[in-house]
Amino acid sequence: MENNKENNKKNNKYMIAGIIISIVVIILAGITAYLMLSKNKTDDNKIPYTDLIKQITDGEIEKIEMTVGSTSLKVKVKGIEEEKASIVPNTQAFIELVQEKVAEGNNIELIQNPQPAILKISETLFSLLPTIVIIALFIMIFKMQGLGEKGKVYDAETSKEKIKFDDVAGLDEEKQEMIEIVQFLKEPEKFTKMGAKVPKGVLLYGKPGTGKTLIAKAIAGEAGVPFISMSGSEFIEMFAGLGASRVRKLFEKARKVAPCIVFIDEIDAIGSRRSSGNGAESENNQTLNQLLVEMDGFDTNETIIVLAATNRPEMLDKALLRPGRFDRQITINVPDKRGREEILKIHSKGKNFAENVKLKTIAEDTAGLTGAELANILNEAAILATVNEHEVIEQEDIEEAFKKVTIGLQKTSRVYSEKDKRLTAYHEAGHAIVSRYLETQEPVKEISIIPRGMAGGYTMNKTNEDKNYISKTEMEERLIVLMAGRAAEKIVINDISTGASNDFEVATKIAKEMVTIYGMSDVVGTISINTEKDPYELQLLGEKYADAIGAEVKILLDTAYLKAQTLISSHMDKLHEVAQTLLEKETIIESEFERIFNEN
Ligand code: ADP
Ligand code: ZN
């Protein structure tokens, strides 16, 4: 993904430049319009230049006021109260003419005002306008011509960044599957002589940050071949036909350096299902078609392996998956506990930790995180340790880094009203105590009313175990915990806030999955309906079915909300105590939380 990040950065730069140019152009256009309008206003009050000269010669002009560097001026005509405006074609010549008249004994007062700064700036900008427009055009042309250069070649032989399988933690089975490809890239003749068919394309499915790019680079590194990468979103262009031409150029380059790996990240951006024919989509189709043409057209002596990554396999056009294209698919999962420990080990190289820091414990506490997030945590921890002037990376640095990466930046600077604080305290206390009284829920690790990222506060449960299965009871109880924030607000403050919207979003998703994926509703039965995968699936089953699903989801959520209310009502003393402690300390950790329940 690093390559793509660079490319994205580059694209961002173009975008920012484009935005700045547009803003400047808009401002200039505004100034022009304003100047033109303000000129129009004085139009009927204007003296034509020839008349002005005549009036000066005739001695009818009393006073001339002009601004240095400007061709417009104001004149006071004898006997007329109102000042008039005029424009002179050549200020220098005009001034000389006036001075001549004065010397001749004409009584004209000539005032030359210094130019106001704003006018000067806008005029400078104005004079720069053509240059700016030209530069903008240049950038656009550059961008278009940069097509050929776009796909980045990263030569495994020469690059310092020679990534090997050893740099990829966990993913043992996946690596095993890739070994065959490495051997093919190294000695293609051996395979072709044997009449063996080696995949042309491999699709890697998995969440962002699970190491798809890393493993693709490692294949190139192991085989000692160049790695050419590009992101699917970069193929999508505002100019029709460019996407397809980029694909062509990418493969042209690949043929030149073959044997090699071509890596296409976010392939769903070009390989989405072909449907209705609006503009953007037909452009996509051209791009996709070009990709298919290229892959179908590989000669047997061209050793190019195309690896593509996506997070949304269900979106892909089936044509991509046909034999001879991406006929092999590998799922890259989020790492399990052992995998996380190995990833942490790799990324802790070159970092010094305090004695009490145990990678194993970090691995235990980070279920669900991807390799990229784990790497990020260790990097953040090293930064925090430096900022906090610690000799080595301490446990607290890691914990802070964990929060930063998972919940977003701590925003202590944001000022909160007492009312908001109280609401948040009761909301979070609601989540925490309800989860405390429900068997299946993990112990509360930390509760806080300090806003982080989008959340006004948070309640973190421990994640000590890697679970393969979640029971129905556990899911139902999770729903109750999610509802408890709003329930507490309602009971204590008798008002409700927007703070629970994310809770509801998560809860609704869980309830939907319980009914449509995990077959946990008796009414709906054991069926899996993935409307994301196939929007017509539900229609096939009929309206009654859709209604039944909706009703079941609603029942699950309503029941959970009621149970949350009941639980909170019967533990009001604890709710108040936890909320009060939160208002005092802002953050409560596990031991402090437990103390409240073990007091009597
Ligand atoms: P993806 O392509 O799946 O979005 P990347 O391969 O770009 O993810 O991963 C981003 C970074 O996360 C890698 O550069 C690496 O530092 C780290 N990372 C991810 N998975 C692993 C892993 N299995 N072993 C070691 N590092 C990993
Ligand atoms: Zn909440």
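1. Helices α18 and α22 pack at an angle of about 100°, and their axes lie 12 Å apart. Axes here are lines fitted to C-alpha atoms, for helices over the stretch in contact, and angles run from 0 to 180 degrees between N-to-C directions. Helix α18 is therefore roughly perpendicular to α22, where angles under 35 degrees count as roughly parallel, over 145 as roughly antiparallel, 65 to 115 as roughly perpendicular and the rest as oblique. On the α18 side the contact is made by A488, I491 and V492, and on the α22 side by M572, L575 and H576. Contact means heavy atoms within 4.5 Å. Helices (H or I, at least four residues) and strands (E, at least two) are DSSP runs, numbered from the N terminus.

2. On provenance, this is a predicted model, in which local features need pLDDT of at least 70 and side-chain atom pairs count only at pLDDT 80 or more, while totals for chains, interfaces and linings use all residues. Residues are numbered from 1 along each chain as its sequence is written, chains are lettered from A and ligands numbered from 1 in the order in which they are written, and side-chain values use heavy atoms, with hydrogens and water left out.

3. Strand β12 (residues 444-448) and β13 run antiparallel and are joined by 4 bridges; E446 has M460 in β13 as its bridge partner.

4. Helix α21 (residues 543-569) was checked for its length. At 1.5 Å a residue its 27 residues should span 39 Å, and because its end C-alpha atoms are 39 Å apart, the two values agree. The expected span of a helix is 1.5 Å times one less than its number of residues. The buried residues of α21 are I549, E552, V553, L556, L557, A560, A564, L567 and I568. Buried means under 20% relative accessible area, exposed over 50%, and partly exposed in between (1.4 Å probe, protein chains only). These buried residues pack against α17 (418-436), α18 (472-493), α19 (501-516), α20 (537-541) and α22 (572-585).

5. A second open sheet, of 5 strands, has the order β1-β4-β3-β2-β5, with mixed pairing. Its edge strands are β1 (46-47) and β5 (109-113), each of which pairs on one side only. Strand β1 pairs with β4 (residues 84-87) in the parallel sense over 2 bridges, and K46 has A85 in β4 as its bridge partner. Helix α3 (residues 91-103) packs on this sheet, touching β2 (61-67), β3 (72-77) and β5, and its direction makes about 150° with that of β2.

6. Strand β8 (residues 227-231) is mostly covered, with 5 of its 5 residues buried. In a regular strand the side chains alternate between the two faces of the sheet. Both faces of β8 are covered: F227, S229 and S231 are buried on one side, and I228 and M230 on the other. Strands β8 and β9 (residues 260-265) run parallel and are joined by 5 bridges, and M230 has I264 in β9 as its bridge partner.

7. The count of salt bridges comes to 13. A salt bridge is a side-chain nitrogen of Lys or Arg within 4 Å of a carboxyl oxygen of Asp or Glu. One of them joins R338 and D172 (3.8 Å, N to O). Because R338 lies in helix α13 (residues 337-347) and D172 in helix α6 (residues 172-186), the pair ties together parts that are 166 residues apart in sequence. D172 is partly exposed, with a relative accessible area of 42%.

8. K509 and E513 also meet in a salt bridge (3.4 Å, N to O). Being 4 residues apart in helix α19, they are separated by about one helical turn. K509 counts as exposed at 53% relative accessibility, whereas E513 is partly exposed at 22%. E592 and K585 form a further salt bridge (2.9 Å, N to O), in which K585 is partly exposed with a relative accessible area of 40%. Salt bridges that share partners join D172, R338 and E342 into one network.

Technical notes: Pairing = 2+ DSSP bridges.
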